[in-house]
Structures are given as structure tokens and as C-alpha cells.
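Have a look at the model first, then read on.

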Amino acid sequence: MRIAETSDLWWKNAVVYCLDVETFFDDDGDGTGDFAGLTQRVDYLAALGVTCIWLMPFYPSPDRDDGYDVTDFFTVDPRLGTMGDLVEFIRAAKDRGMRVIADFVVNHTSDQHPWFVEARKSTDNKYRDYYVWRSDTPPDTSSEVVFPGEEDSLWTRDDATGEWYLHMFAKHQPDLNVTNPAVRNEIAKAMGLWLELGLDGFRLDAVPFFLETRGQPKDQAANLDPHEYLAALRSFVSRRNGSAVLLGEVNLPYKEQVEYFGGPDGNELNMQFDFMSMQHIYLSLARQDARALAETLKSRPPLHPDNQWAMFVRNHDELTLDKLSDGEREEVFAAFGPEKTMQIYGRGLRRRLPPMLGGDAERIRMVYSLMFALPGTPVLFYGEEIGMGEDLRQKSRAAVRTPMQWNDEKNGGFSSAKAADLVVPLVRGEYGPDHVNAAAAKRDPRSLFNFMATLIARYRESAELGWGSFAIIDQPESAVFAHTCSSDGGTLVLLHNFAEAPVKVSGTVGPEDGPRNAFKDAILLDLFDGDSVPLEPDGGFTVELGRYGYRWYRVHRKGDRLAP
């Protein structure tokens, strides 16, 4: 793959790093992270190899849902700094070759948003139709709530007018009525503002929910095709910034996800998170058997060349397991979250990867090697690169949203404030900053940080992973996930052992019906630090993988030009 061919669709082989400004680094010592602090840490992210920073919501908010309850889409939360501070950060990131995208919450606002404050005053208020109301008593929707145990209905009665408003999430987050052209115009204006200030796109929150037309006026709903609207939003963003990306949160089966890409036209979301493969990675880990993941990826549909999957093993939310069967989910719970306090909503985990794997360094590295090796764009959640753990003392999803651990000094180097004034307490115990921190990790050549930096470098040198075709290598070892990624004449062979026991893997590169001597004098060139492996003329090979072993190889023939 020639580099010139990858430049327009930069996000197809990017390395995305998600962070929350308020928990990353505190510059002014008030206990809350801010944009001035984030700017000071841009060089850290550049050293890791990050190419795109994804900001969680930074808009004004009562902060009842970590900023996803927005009160103003057009400015920065004063706790985090000013618009000028944001622009300075974007400039600093771009100076170091990193792009910046941000969460954009299009499904709902806070109930303290001025629109909703006005809307609830009367049924004929000009902002009433910005939200979704009903005058009749709603049916029982307790089985549909997104957060079981936190809400018991999708509708809440507002005493001011006696009508009910829709909230697919919490009652303090009323749903916007996207069938209203005025709402769609406000969304576009807000996106346009942030693009003008230098953002390179958005991660769209809860996409299927904001395209839901439940309870909305029939005449308006009939005039809005949700997917036409999503395509129009993509078109608008592209007009404002030709290289901007829309990364969507769409936790649905593959067949339905394809619709949100825009089907064969690929003209809606540029990227979507691959929730299906993530969940089956954990099932395969629990079983020490790679077949669940292999079967899932075999079913992954082909995409338009302008579309891409975003690969992850952890994010800022619950680690959802909702697409697994009840029995499969119980297998994962038993292996990685046996205590009820580790589980959430009966369908997921509120843990980070290192504690789930018992701090097993070899197994942790195998999982991250796999994440980067799977076809798609890798997405990291802050702190993953140093092996941060969770804090189960915190409620719900907040367990994995603790402050970044920079060193072993006061407050883990996050803030000079009193511990009681921190926006969120730090992790304690064996995963606290005394044992896990960025300063120590950077100095240790054997650390997870330095492994991750090398992994990122190899990924960035291997365009086949973001652009190439994907194929499973048939081989007899059930514990091994073996696949190829090929593009423009280049082929990578990627092997991962899900089991604790070492294993010998034999397979064949390339189609069985290819030329008989297609691989004469070719080798599998190790991309890390192992020995290269000779290939048989028909592409056959045998490789030994250690305990939770992994290998990245490039098919190399005499005369091929190698990158330095």
C-alpha cells in the first residue's frame, strides 16, 4: 500500500485515543482536569504514537452523566477552561501530527438545558417541539429501559403541564425531537462551529436512539427518513471539512450496522465500533478457545472502501456483553467478573482489562496485539497503555473513569488539589499510582507502555491492517486465532494463542488454488523481535507460539523492498 493512497481517508489506519478532559490532567489545581493541563500532556500522547485524540464531552453540563447531559452545545464547560484553551490544545495536537475529534450528543440534552427549561413551561412554548411529548398515559416500557435499576420507564410525567416526555436514557436527559427541522438546524450549527475551530470529526453517541422517531408527531416523522438524515449530516460535515469523520456508537448485529454505514453506498457513518468482535474476544478469552471470535469475524459483512470498523477491548462505558447468549455471558462473568459488584445491568462488566486478566503480562499483551492486528482502526481508552485498573467503590460506569495516573507522587500527579477536592477519587491498592503510573512505565523498557508504543509503530507501518482484505487461516489448533491481511501485493500473517499452554501452529498462506511455487524462496519476516520462518513453495508454514503467544509476520520474497 503506497502512503499517498492512505492520506485522504486518514482514519482508516489511525490510532485513536479516548480521554476525558476532567480526569486527564489538572493545570490550575482545583481538582478537575482542564484543557490547559491536557495541552501539557500532548507530547506524552505523541510519544506513544497516537494519531487521533477523541475527547469525551467538554460542553457545559450539570455532570450527572459525565458530561453526556449537555446544557449548551456551543461552548466549553467553564470548569475545563475557555474556548481559547480548547483552540490552543487543538493547535498543539495538530502541530504534533494528531487530529482531534469529539463526542457529540445528538439524542438528548440535560433537563437543565435552556431549551427544555422553556419547553416545559407550556404546551405552546416555541421550544416545546424540540422534545418529544405525549398527553396520554404511556404504556409500560420498563422492559425497554437502557439502564435497568436506574429507570423504570422511557417516559416521565412533567408536573408543569401534566404531559409525559420521552427519555431513552435517564429522566434528566430528555430526548430531542430530530423530526423538527429547527432541532436539526441547531445540531448542524453546533457541529459547524466545532469544525471551524479545528475538530476533524465527531464520535456520535447512541446513534440508533437519536434516529428513533418513537412518539414524535406523525406528520413530522413521516417526512423524515432517519437514514437520509444521517447521510445529510455526513454530507454537511464533509462540506465543512473534507477529511472529517463520523464515528458512530451502534451496538447492533452486523446486518443492522451495515445500514448505518449507508449500505452499499457507504454514505452515512464513516466508522462504527465493532461491538460484536469485542464481545466474542472476551468469550474466546474465557474459553481459551479462539473459535468464537473466528466465527464472528467470518460473519462480518464487507464494507464500502470508504467505511471502517473501530476495534477496541475497553471503552468509557460498561463493557457490554449483550450480544452473547445468557450462557455465554455467564462464562465471561465467571472468568472475569465473578462478583456482583464487578457486573453492571446484568449484561456487562465495569472492569478494566489488566485486573480481569489477573495482571498476567503475557496475556494482556496478547490481547492488545490481537486488537491492533484485527482489520480495522484501534481505539484506546486513556490509561490502557500503562495498565490502569478500575475502582469498584465508584458507582456504575464511573469505576473505569478514574484520574490518569502520571507518577507516584501526590494524587498520582493528576492534581495538586486536596484529595477530597478531586473530581473523582484515584484508584487504590495494587493498581493505584504507587504501582501503576506513566512516569515509571516510560522509563522501563519492558513496560506495557513501551510495548504499546512499539505495537502502534508496527501497526502504522502495516497499512494492510487498515486497508487490506481479511482471511482466516485454516489450522487445527482451536486455541489459535490465525489470519491474514493483504493489500496491494503485501500480506501479513498474524497468529495469537488464547491458551496458557504453548502450541505449534501449521497453516498455509494464500489460496489453495494459487500457483504451485508462488512462495518459493519466501519467508515469514517477524515484525517484532523473533526469528523469521521459511515458507514452503505452496505457502505452508509451522510456527511455535508460547503461552499466550503472538506473532506478526510479513510475507517477504527476495528482492522485496523493506521499510527500515
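Buried here means under 20% relative accessible area, with exposed being over 50% and partly exposed in between (1.4 Å probe, protein chains only). Bear in mind that this is a predicted model: local features need pLDDT of at least 70, side-chain atom pairs count only at pLDDT 80 or more, and totals for chains, interfaces and linings use all residues. Residues are numbered from 1 along each chain as its sequence is written, and side-chain values use heavy atoms, with hydrogens and water left out.

**Helix 10**
- Helices are DSSP runs (H or I, at least four residues), numbered from the N terminus.
- This one covers residues 275–287 and reaches 19 Å from its first C-alpha to its last, close to the expected 18 Å; that expectation is 1.5 Å times one less than the number of residues.
- The buried set includes Phe275, Met276, His280 and Tyr282.

**Its two ends**
- Asp274 caps the N-terminal end of helix 10, with a side-chain oxygen 3.3 Å from the backbone nitrogen of Met276.
- Just after helix 10, Gln288 takes a positive phi of about 55°.

**Cysteines**
- A disulfide is a pair of cysteine sulfur atoms within 2.5 Å, and by that rule the count is 0.
- Cys18 is buried, at a relative accessible area of 1%.
- Cys52 is buried too, with a relative accessible area of 1%.

How values were computed
Helix = DSSP H or I, 4+ residues; strand = E, 2+ residues; numbered from the N terminus. Polar contact = N/O pair within 3.5 Å; in protein donor to acceptor, adjacent residues only side chain to side chain.
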